[in-house]
Amino acid sequence: MAGRATPLVLTLASGSPRRRALLEALFATRSSEALGFPLKVVPPRVEEAGEDLPQDPRELALALARRKGEEVPGEWVLAADTVVDLDGRVLGKPRDRVENHLFLRLLSGRTHQVHTAIYLRTPQDLVVEVHTTRVRFRNLSEEEIAWYVQSGEGLDKAGGYGAQGLGMALLEGIEGDFYTVVGLPVARVFALLWERGFRP
Ligand SMILES: Cc1cn([C@H]2C[C@H](O)[C@@H](COP(=O)(O)OP(=O)(O)OP(=O)(O)O)O2)c(=O)[nH]c1=O
């Protein structure tokens, strides 16, 4: 249409339904516009393991977010990676229910860190940074852990739990941004987009 700028589209380089839902919530005011929804989702195909990856949990999150973002074409591209860090030990997505149980036993009664790295490529620049939130778990009984694990909720999530779901029952407290735990520091992403002229 003459005189009207082409609306900007952000490509989310992620297969995570959580990241998608958070961005959709952020962009909700645009959902009814004839201009179209400013979000496109392209899950990256990357290997999230390998000897060439850093051991340090924060560096690992940064390397993986970068790897995901570089995989996906587009002018405005956002990728992220979330790592659960228990005193330097990385707890990824549990392989199965047995490992999920083990992870929760490790997390029980202790404080861990959740690092979410973001990679934002824009027409102007590239921002790669990591955000950290501290999460404290209650003392969990074996029975409680078994109850949670059988729900299956933790299986596709770093550390084996979802703070936004049933996992809320496991938490004693959170210090920092909640959305960083769930997979995307939304307010920071919003600010970065806004500063660069992208209006969600
Ligand atoms: C700790 C925690 C993690 N998670 C999720 C967020 C991420 O989706 C996932 C961590 O795995 P990631 O590898 O960061 O993301 P992903 O594999 O789900 O998606 P993609 O790589 O395509 O972007 O764990 C929660 O949903 N809630 C939580 O409380």
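Student: Which residue of β6 is the bridge partner of H115?
Tutor: The partner of H115 in β6 is T132. The model is a predicted one, and the pairing is computed from its atoms.

Student: What makes β5 and β6 a pair of strands?
Tutor: Pairing requires at least two bridges between the strands. Strand β5 (residues 111–121) and strand β6 (residues 126–137) share eleven bridges in the antiparallel sense, so they count as paired. Four residues lie between β5 and β6, and the two strands form a hairpin.

Student: How do you know that β6 also pairs with β7?
Tutor: The cut-off is again at least two bridges. Between β6 and strand β7 (residues 171–175) there are four, in the antiparallel sense, and the two strands therefore pair. Within this pairing, V135 stands opposite I174 in β7.

Student: Why is D81 called buried?
Tutor: A residue is buried if 20 or more other C-beta atoms lie within 10 Å of its own. D81 has 26 such atoms within 10 Å, and is therefore buried. D81 is placed in strand β3, and an unreviewed UniProt entry lists D81 under "active site".

Student: What does D81 contact, leaving aside its neighbours within four places in sequence?
Tutor: D81 is in contact with A61, L64, A65, K68 and A117. The word "contact" is used because the C-beta atoms of two such residues lie within 7 Å.

Student: Which residues have the most contacts inside the largest nonpolar core?
Tutor: They are A61, A65, L78, A79, L104, A117 and I118, in a core of 42 residues. β3 gives the most to this core, with six residues. In soluble globular proteins, nonpolar side chains tend to be buried together. As for A79, not counting residues up to four places away in sequence, it touches A13, S14, P44, A65, K68, G69, V72 and Y119.

Student: How many residues surround the ligand, and which are the closest?
Tutor: There are 24, and the closest are S14, G15, S16, A163 and G183. The elements giving two or more residues to this shell are α1 (17–26), β3 (77–86) and α5 (178–182).

Student: Which element gives the most to the shell, and what is the shell's make-up by class?
Tutor: β3 gives the most, with four residues. By class, the shell around the ligand has nine nonpolar, nine polar and six charged residues.

Methods: Residues numbered from 1 in each chain as written. Predicted model: local features only at pLDDT ≥ 70, side-chain atom pairs only at ≥ 80, totals over all residues. Near = placed C-beta within 6 Å. Nonpolar A, V, L, I, M, F, W, Y, C, P; charged D, E, K, R; others polar. Core = buried A, V, L, I, M, F, W, Y, C linked by C-beta atoms within 7 Å. Buried ≥ 20, exposed ≤ 12 C-beta atoms within 10 Å, placed from the backbone. UniProt positions renumbered as here; feature names shortened; annotations may be inferred.
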